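Here's a quick tour for anyone meeting this structure for the first time. Have a look at it, then read on.

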Amino acid sequence: MMKKKLTINGIKKAKNERLLTMVTAYDALFATLLQESADILLVGDSLNMSFNGKPDTLSATLDQMIYHTNAVCQGAKNTFVICDMPFGSYNNKRQALKNAIRVYQESPADAIKIEGGKDKADLVQTLSENGIAVCGHIGLLPQSVRGEGGYIVRGKTPHDIEALVEDAEAIEDAGAFCIVVEGVKAEAAALIAQAVKIPVIGIGAGSGVDGQVLVFSDMLGLFEAFTPKFVKKYIDGASLVKEAVAHYKTEVESKTFPANEHTY
Ligand code: KIV
């Protein structure tokens, strides 16, 4: 049976009804495979690290994000796709609106995602008022890694928990349809999820939220450079790929491949 594509209303309605599964995707090939089970595909700027081999997400460009979003939408026509706005593409309302419109006009993305809390509420409101579906992203913000001096887990003090809850409320009031909460103590993330009516999708935020997101190359064990504590590798993709190519090499060298069935 053909899967029914979610809408922002379906995503909002899922809150307190069922948990949402989001996974990143960067290309049509994997998007086709991942969409079979994922509710939402996120074209995350994490592609700059896992696919482009860069040390952080900051050098991803809007052109790249649009290119990859088109590829993902091509492979997963029946799935809700979010395009991550890259660093430097939403520094003020005017620029954010111009660039979000580019995403909508140059790809079939269903929504965009921006990092930031209260400080970005005005911007989220402008985007929402202009017909753009916005997913917020609060907590540990990978695009701030250089400014913050590292990836720092949030929600460790009552003061910080209060600030995070205020961030989530501000983003919700501004019109976001869901919020990614990253790298936050589980107790804090659960309080954030309870404070808002829109779904809170966690990554490194424990199980007291409304859904989970993982970077697909992490969960498939393909990315070997480092493994954050919150990642579960569901398969050891790196070993599978290496073993397959080593097997192929042996067969090429021994002339076992191509066999008769692979030969015209
Ligand atoms: O870029 C990304 O993949 C993300 C997820 C970590 C949420 O923003």
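Helices (H or I, at least four residues) and strands (E, at least two) are runs assigned by DSSP, and their numbers start from the N terminus. Residues are counted from 1 along each chain as its sequence is written. What you see is a predicted model, where local features need pLDDT of at least 70, side-chain atom pairs count only at pLDDT 80 or more, and totals for chains, interfaces and linings use all residues, while side-chain values use heavy atoms, with hydrogens and water left out.

## The barrel

Let's start with the strands. 8 of them close into a barrel, in the order E1-E2-E3-E4-E5-E6-E7-E8, and the pairing is parallel. Neighbouring strands here are turned by 25° against each other on average, ignoring direction. Two strands pair if DSSP finds at least two bridges between them.

Among the bridge partners, Thr 21 goes with Gln 212, and Met 22 goes with Val 213. On another side, E8 is joined by 2 bridges to strand E7 (residues 200–203), again running parallel; Ile 201 has Gly 211 of E8 as its bridge partner.

## Two pockets

Now for the open spaces. A pocket is an open set of points on a 1 Å grid over the protein atoms alone, where a 1.4 Å probe fits and protein lies on both sides within 12 Å along at least five of seven lines; lining residues have an atom within 4 Å of a point. Volume is the space filled by probe spheres set on the points, with grid points joined across faces, edges and corners. For residue classes, Ala, Val, Leu, Ile, Met, Phe, Trp, Tyr, Cys and Pro are nonpolar, Asp, Glu, Lys and Arg are charged, and the others, Gly among them, are polar.

The largest pocket holds about 700 Å³ of space. Its lining has 34 residues, with Leu 140, Glu 182, Ile 203, Pro 228 and Phe 230 nearest the centre. Helix H3 (47–50) and strand E6 (178–182) each supply at least two of the lining residues. By class, that lining is 17 nonpolar, 9 polar and 8 charged.

The second largest pocket comes in at about 360 Å³. Of its 18 lining residues, Thr 21, Gln 212, Leu 214, Met 219 and Tyr 234 lie nearest the centre. E1, helix H2 (28–34) and E8 each give at least two residues to this lining, and E1 gives the most, with 4. The classes here are 12 nonpolar, 5 polar and 1 charged.

## A pair of helices

Helix H5 (residues 93–106) and helix H6 (residues 121–129) pack at about 40°, with their axes 9 Å apart. Axes are lines fitted to C-alpha atoms, for helices over the stretch in contact, and angles run from 0 to 180 degrees between N-to-C directions. H5 and H6 are therefore oblique to each other (under 35 degrees is roughly parallel, over 145 roughly antiparallel, 65 to 115 roughly perpendicular, and the rest oblique).

The peptide bond from Phe 257 to Pro 258 is cis, with omega near -5°. Pro 258 sits in the segment after helix H11 (237–253). Asn 16 isn't a glycine, yet has a positive phi of about 65°; this residue is in the loop between helix H1 (8–14) and E1.
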